[in-house]
Amino acid sequence: MKIKGLVAVSGLPGLFKMVANRNNGLIVEDLANGKRRFASVRQHQFTPLESIGIYTNDGETSELKIVFQSMLDKLESVPMPALTETGDKLHTYFAQILPDYDRDRVNTGDIKKAIKWFLHLHELGYTTMEEDEETEEDEAEVVETEGDAEKGEE
């Protein structure tokens, strides 16, 4: 699941990739169309997806990445409800995805947002590759670059 560097921006629909950080805001790229824009801290709040958690009954939170992975794993066996379904059906679905989620603290709107974000990321291909694999590839590129630099010193 590749959610590192992705943010939700209040007042703007969809999800964004953080491109650059400025003192007065962020430059973000829309995942859907690739357009970049500046989002001011005066008008928007930024929430990194990797910092979002779903409350569980044991008083802890389950990372959104884990919830998304569970949704992906059960995509074929557990049918995903439409966002227009009743709250009871959404809570029933979420209980199958994350059985120990806190039903008192997780609202129907939170479930709708999680489903909407998952569908958006799945549609764009962000749910296909494990983040660990991506990190290993990045490390391999760094090693190759260092090796090339050592050859140039000789």
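**View 1. The charged end of Arg105 lies over the ring of Tyr55.** The distance from this charged end to the ring centre of Tyr55 is 3.6 Å. The model shown here and in the other views is predicted.

**View 2. Five strands form an open sheet.** The strand order is β4-β3-β2-β1-β5, and the pairing is antiparallel. Strands β4 (36-40) and β5 (46-48) are at the edges; each has a single partner strand, so one side of each has no neighbour in the sheet. From one strand to the next, the twist averages 45 degrees.

**View 3. Strand β3 pairs with β4.** Strand β3 covers residues 25-30, and its antiparallel pairing with β4 runs over five bridges. Within this part of the sheet, Ile27 stands opposite Phe38, a residue of β4.

**View 4. Phe68 and Phe118 form a tilted aromatic pair.** The count of aromatic pairs in the model is two. In the pair of Phe68 and Phe118, the ring centres are 5.8 Å apart and the planes meet at 55 degrees, so the pair is classed as tilted. Phe68 belongs to helix α1 (residues 64-73) and Phe118 to helix α3 (residues 108-123), so the pair ties together parts that are 50 residues apart in sequence. Phe68 and Phe118 are both buried.

**View 5. Phe94 and Tyr101 form an edge-to-face aromatic pair.** Their rings are 5.2 Å apart, centre to centre, with 85 degrees between the planes. Phe94 is buried, and its relative accessible area is 0%. Tyr101 is also buried, with a relative accessible area of 0%.

Technical notes. Residues are numbered from 1 along each chain as its sequence is written. This is a predicted model: local features need pLDDT of at least 70, side-chain atom pairs count only at pLDDT 80 or more; totals for chains, interfaces and linings use all residues. Side-chain values use heavy atoms; hydrogens and water are left out. Rings of Phe, Tyr and Trp (its six-membered ring) pair if their centres lie within 6.5 Å; planes under 30 degrees apart count as stacked, over 60 as edge-to-face and the rest as tilted. Helices (H or I, at least four residues) and strands (E, at least two) are DSSP runs, numbered from the N terminus. Buried means under 20% relative accessible area, exposed over 50%, partly exposed in between (1.4 Å probe, protein chains only). A charge sits over a ring if NZ of Lys or CZ of Arg is within 6 Å of the ring centre and within 35 degrees of the ring normal. Two strands pair if DSSP finds at least two bridges between them. Axes are lines fitted to C-alpha atoms, for helices over the stretch in contact, and angles run from 0 to 180 degrees between N-to-C directions.
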